[in-house]
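Subject: Structure handover

Hello,

Here is the structure I promised to pass on. Please have a look at it first, and then read my notes below.

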Amino acid sequence: MSEDRRIALVTGGSRGIGRAVCVRLARMGMRVGINFVSRPEAAEETLRLVREAGSEGFLAPFDVADTVAVQDRIKAILDQEGRIDVLINNAGITRDGLMARMAEADWDAVLNTNLKSAFLCSKAVMRTMMKQKWGRIIHIASVVGCMGNAGQVNYAAAKAGLTGLAKSMARELASRGVTVNCIAPGFIVTDMTAALPAEVQDSLKAQIPLGMLGTPDDVAAAVAFLASEDSRYITGQTLHVNGGMFMP
Ligand code: NAI
């Protein structure tokens with residue numbers, strides 16, 4: 001199947017990294033489903049940018065941590081579109097705090113939104129990918145899942161979990177032509193990092209060999225590669241997009 005007829009679903013596609021991924025996949029000619037849970041006007045803007053990039057898209061609002069919503073909404077998309085060829089598990093949240101003071105609810109929210117969501121969404125799309133013997137599933141992990149980070153035990157555990165999930169899924173799905181990989185961004189300028197004070201951002205830059213924070217487009221370029229035919233011999237891997245701050 002040629003790339004320009006593919007259908008992609010990007011969770012958390014309304015802003016930040018997810019928006020850049022939607023636009024990049026649209027530039028490859030894919031029809032893009034934009035998932036989000038809040039700020040519908042941001043999702044509308046992503047859809048506008050997808051169209052400006054020369055493709056088409058559709059909005060897919062649902063909470064990726066809600067089992068029933070994921071099953072129902074992805075089934076509806078499959079009924080409407082016929083299939084999903086590319087799934088980008090990008091939706092994520094943080095609820096930071098030192099572990100000694102971390103509420104169980106903050107652990108659960110971050111694990112459910114960042115890790116369980118990838119299990120749920122992947123499970124909902126994998127049968128159709130297996131049947132057509134082609135699929136790309138990409139989880140957006142984080143450098144923090146590899147290095148750890150004080151104040152982020154929940155987030156780091158969820159992101160490390162994504163790499164184990166990807167490796168095991170890769171082994172289960174390889175014979176059916178479906179590849180599963182992770183991208184682990186370092187510090188990328190989005191709403192999630194904009195909240196960091198300027199001095200924290202400066203100290204982060206000092207730890208990055210390339211001397212700058214990344215952009216959502218830097219991550220989207222890596223996603224585009226792993227979503228393309230060019231990556232057909234790559235599965236179960238984690239691609240680090242971090243300016244050199246962590247070298248596994
Ligand atoms: P962001 O906060 O700008 O956007 C998050 C997106 O996820 C939004 O579209 C939001 O609507 C969606 N979302 C949140 N909870 C959801 C839910 N329950 N159901 C459906 N959608 C939901 O975040 P950003 O920075 O663009 O991050 C995207 C991904 O990249 C996240 O998984 C994040 O952990 C990861 N990441 C970000 C880094 C950064 O420096 N910004 C670094 C490493 C990883």
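A word on terms to begin with: on a 1 Å grid over the protein atoms alone, a pocket is an open set of points where a 1.4 Å probe fits, with protein on both sides within 12 Å along at least five of seven lines, and its lining residues have an atom within 4 Å of a point. A molecule sits in a pocket if more than half of its atoms lie within 2 Å of the pocket's grid points. By that rule, the ligand sits in the largest pocket.

Please note that this is a predicted model, in which local features need pLDDT of at least 70 and side-chain atom pairs count only at pLDDT 80 or more, while totals for chains, interfaces and linings use all residues. Residues are numbered from 1 along each chain as its sequence is written, and side-chain values use heavy atoms, with hydrogens and water left out.

The ligand is surrounded by 30 residues (a residue counts if one of its heavy atoms lies within 4 Å). Ser14, Asp63, Asn90, Tyr155 and Thr190 are the closest. By class, this shell holds 14 nonpolar, twelve polar and four charged residues (Gly counts as polar and Tyr as nonpolar). At least two shell residues come from each of α1 (16-27), β2 (31-36), α6 (153-173) and α7 (191-194), and α7 gives the largest share, three residues. Helices (H or I, at least four residues) and strands (E, at least two) are DSSP runs, numbered from the N terminus.

An oxygen atom of the ligand lies 2.7 Å from a backbone N or O atom of asparagine 90. For isoleucine 188 the distance from a polar backbone atom to a ligand oxygen is 2.8 Å, and for glycine 12 it is 3.2 Å. Taken alone, the ligand exposes 830 Å², and the protein buries 95% of that (Shrake-Rupley method, 1.4 Å probe).

What about the pocket itself? Its volume is about 950 Å³ (the space filled by probe spheres set on the grid points, which are joined across faces, edges and corners). Of the 42 residues that line the largest pocket, Gly92, Ile93, Tyr155, Thr190 and Met192 lie nearest its centre.

The second largest pocket holds about 480 Å³ of space. Leu120, Ser122, Lys123, Ala124 and Met126 are the closest to its centre among 19 lining residues. Here α4 (104-132) gives the most, with ten residues.

Best wishes

Terms used:
A polar contact is a pair of N or O atoms within 3.5 Å; within protein, one must be able to donate a hydrogen and the other to accept it, and residues adjacent in sequence count only if both atoms are side-chain atoms.
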